[in-house]
Amino acid sequence: MIKFGVIGTNWITKMFIAAAIETGEYELSKIYSRTQERGESFLRTLTVDDVDIVTTLSDLYTGIDLVYIASPNSLHSEQSKVAIEAGVHVIVEKPTTSNPAEFSEIEKLLTLYPEVRYFEAARHVHQPNFKVIQQTMGELTQLQGATLVYQKYSSRYDAYLAGEEPNVLSRNFSAGALYDLGVYPIYAAIALFGAPRAVQYLPILLTNGADGKGTASLFYDDFNVTLLFGKTANSYLSSEIYGLKETIAISNIAELDTITYHDGDGHADNIGQKTDDNPMIHEAQDFADIINDPVENHTKYNQWFQLAKQVNQTLFDLRSSADIEFPADKKEY
C-alpha cells in the first residue's frame, strides 16, 4: 500500500484522493494545509479515517511514500524539491514548474535520488479514450493537423471582475489561461504529434498582465495545430483531428467524453468508451504500477517524464512568444 499525503485542499485534490483510494493501491495518511482549521475542514469532506493534518512540509514528508501536489503553480517546484530530498515520490498537478529552468533543477535533483519517481498529473493522456484517439490517428490516410479547444468560464473570473486577483489569474502565481486550461490541449497535442518546430501565442491579456484567453499555434513540418483556450468565456466547440477526408471529433479534449470518427463518405461512428465517473483513476493506477515495479515500467516512466519536459518547454516558448513574464522567471537557478 502506497502511503500518501496531499498539498492543496481543493476540488481536484479531493478527486485525486477518491481515485487513488478506488484503485486499492493507496492509503491517505496526511493532509498539508497552511492552517489546522482549514485542513480539518477539508478532511470532513472526505470519507477517510486516521489522517493527520500537518502545517509544515517537514511533518508532511515524514512517514509517507508519495505526495500529491495541487498548490498554486509557483509553489510546485520548491515543494517538489523538498519531497525529492526526503525520498518521497511526487505527483504534481500540471504544470509541473513555472519554466524550464525550474524543471531542469528538478531533473538534476532526481539524479541524486534515483529511487524517487516524479510524475505530472495530466489525467486525460492516461484515459482509455486517449489511447483510442492515438490508435485511430494511425489509420488516417494523411494527417493534416488539428484544432483543439478547452475554454470554460472560471468562477474566479467573477472575483477578478470584482477587483480581486485570484491565484489562477495571477502572474505572481505563474498562472493564467495558458498555464491553467491551455495545458490540457497542449499536453494532448504533444502526446499525439510530438514537439513542434515553432510556436506562437496570441493572448487576450487582463489588466494585471495575465492572459485570460488566447489562441496558440503549433507548427510542424507538414501541418499546424491550432489551440483555443481560456477562462473568461465558454466554448462548446468540439476538438478535431484532420485526416485527408476523415476527421476524428472529440467532444472535450480534457474530459474525452465522446470520440466520433467521420469517414470520407459522411458516416459517423462513436468509437469512444464510456468514461469513468472519476477521470483520475487511470493515472492513479498508472503511477502506482510504476512505483510498485519501477524496473518493469521504466520505459513507460521515462516516456511520461520526457513528455512532461516537452510540455513544460512548449508552455514556456508560447508564453515567451507573447512576452508574458512570471516573477519565477527572474529567480537565479
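Which helix holds asparagine 302?

**View 1. Asparagine 302 in helix α11 of the predicted model.** Helix α11, spanning residues 298-321, is where asparagine 302 is found. Asparagine 302 has a relative accessibility of 36%, so this residue counts as partly exposed, a class that lies between the limits of 20% and 50%. The C-alpha atoms of asparagine 302 and arginine 117 are 9.9 Å apart, while 185 residues separate the two in sequence.

**View 2. The open parallel sheet.** The sheet is built from 6 strands in the order β3-β2-β1-β4-β5-β6, with parallel pairing. The edge positions belong to β3 (52-54) and β6 (118-121); each has a single partner strand, so one side of each lacks a neighbour in the sheet. From one strand to the next, the twist averages 25°.

**View 3. Pairing of β2 with β3.** Strand β2 covers residues 26-32 and pairs with β3 in the parallel sense. The pairing runs over 3 bridges. Tyrosine 32 has valine 54, in β3, as its bridge partner.

**View 4. The largest nonpolar core.** This core has 98 residues. The members that touch the most other members are Tyr26, Val67, Tyr118, Phe193, Val225 and Ile241. Helix α9 (residues 183-193) supplies the largest share of the core, with 9 residues.

**View 5. Surroundings of phenylalanine 193.** Neighbours within four places in sequence are left aside here. The remaining contacts of phenylalanine 193 are Met137, Leu143, Ala146, Tyr220, Phe223, Val225 and Ile241.

Technical notes
Residues numbered from 1 in each chain as written. Predicted model: local features only at pLDDT ≥ 70, side-chain atom pairs only at ≥ 80, totals over all residues. Heavy atoms only, no water. Core = buried A, V, L, I, M, F, W, Y, C linked by side-chain atoms within 4.5 Å. Buried < 20%, exposed > 50% of the residue type's maximum accessible area, 1.4 Å probe, protein only. Helix = DSSP H or I, 4+ residues; strand = E, 2+ residues; numbered from the N terminus. Contact = heavy atoms within 4.5 Å. Pairing = 2+ DSSP bridges. Axes fitted to C-alpha atoms, helices over the stretch in contact; angles between N-to-C directions.
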